[in-house]
Amino acid sequence: MARGRSRILIRQTVIEDLPEVWHIGEKVFTPSASPYTYRTWNVDEPVFFFHSDPELCLVAEDDSTQRIVGFALGTMLKKPYSPWTYGYFVWCGVRKGFQKRRVGHRLYRELEKRFKEKGARIAIADVESTNKAAINFIKKLGFKEAQTYVWLSKNLERSEE
């Protein structure tokens with residue numbers, strides 16, 4: 001451990017963490033950064049995943065301050081009439097001062113371990129094509145572009161028709 005740096009612990013989210021998870025996401029996933037994304041960060045996101053798959057909701061905590069510095073949210077997807085089960089890596093956010101310190105990587109690695117324990121055969125993630133930093137992050141985790149889909153969206157608040 002580097003001198004002056006605290007340890008970052010990865011643990012399962014508890015209900016008291018949800019406001020902090022929400023605030024981190026609010027700083028990372030801004031409408032101005034992703035105005036056309038089909039999925040937006042709102043208060044329902046951390047609450048929904050916490051209630052549906054609590055063991056796939058993780059936080060990164062600074063052990064010296066007990067401050068939440070990052071989070072990852074995932075869920076399991078099962079295709080009907082198929083033997084395939086997927087671990088869906090939905091959200092990952094890290095406070096600015098803790099980015100580039102492998103916090104996101106550690107969150108994902110724990111999430112992937114939990115996906116496997118729950119029977120996932122494949123992990124999936126989706127990223128907006130213009131979000132180069134997120135694409136690079138996801139690729140560094142070992143994800144490959146298996147198929148290309150074109151999702152089209154229109155921001156109706158900005159539409160002039």
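Tutor: A salt bridge is a side-chain nitrogen of Lys or Arg within 4 Å of a carboxyl oxygen of Asp or Glu. This is a predicted model, in which local features need pLDDT of at least 70, side-chain atom pairs count only at pLDDT 80 or more, and totals for chains, interfaces and linings use all residues. Residues are numbered from 1 along each chain as its sequence is written, and side-chain values use heavy atoms, with hydrogens and water left out.

By this rule there are ten salt bridges. One of them joins Lys-139 and Glu-145, with 3.0 Å from N to O. Lys-139 is partly exposed at 41%, whereas Glu-145 is exposed at 59%.

A second salt bridge is formed by Glu-61 and Arg-11, at 3.1 Å from N to O. Because Glu-61 lies in strand β2 and Arg-11 in strand β1, this pair ties together parts that are 50 residues apart in sequence. Here helices (H or I, at least four residues) and strands (E, at least two) are DSSP runs, numbered from the N terminus. Glu-61 is buried, with 12% relative accessibility, while Arg-11 is partly exposed at 24%. Both residues also belong to a network of salt bridges that links Arg-11, Asp-17 and Glu-61.

The helix to examine is α3, which covers residues 103-117. Its 15 residues reach 22 Å from the first C-alpha to the last, close to the expected 21 Å; the expected span is 1.5 Å times one less than the number of residues. Within α3, Glu-112 and Arg-109 lie three residues apart, about one turn of the helix, and their side chains meet in a salt bridge of 4.0 Å, N to O. An α-helix has 3.6 residues a turn, so residues three or four places apart point the same way. Glu-112 is partly exposed at 22%, and Arg-109 is partly exposed at 38%.

Other residues of α3 are buried, including Val-103, Leu-107, Tyr-108, Leu-111 and Phe-115. The buried residues of the helix pack against β1, β2, β3, β4, β5 and α4. Just after α3, Gly-119 takes a positive phi of about 95 degrees. Gly-119 is among the residues in contact (heavy atoms within 4.5 Å) with Thr-85, which is placed in strand β4 and is buried at 14%.

Note on methods. Buried < 20%, exposed > 50% of the residue type's maximum accessible area, 1.4 Å probe, protein only.
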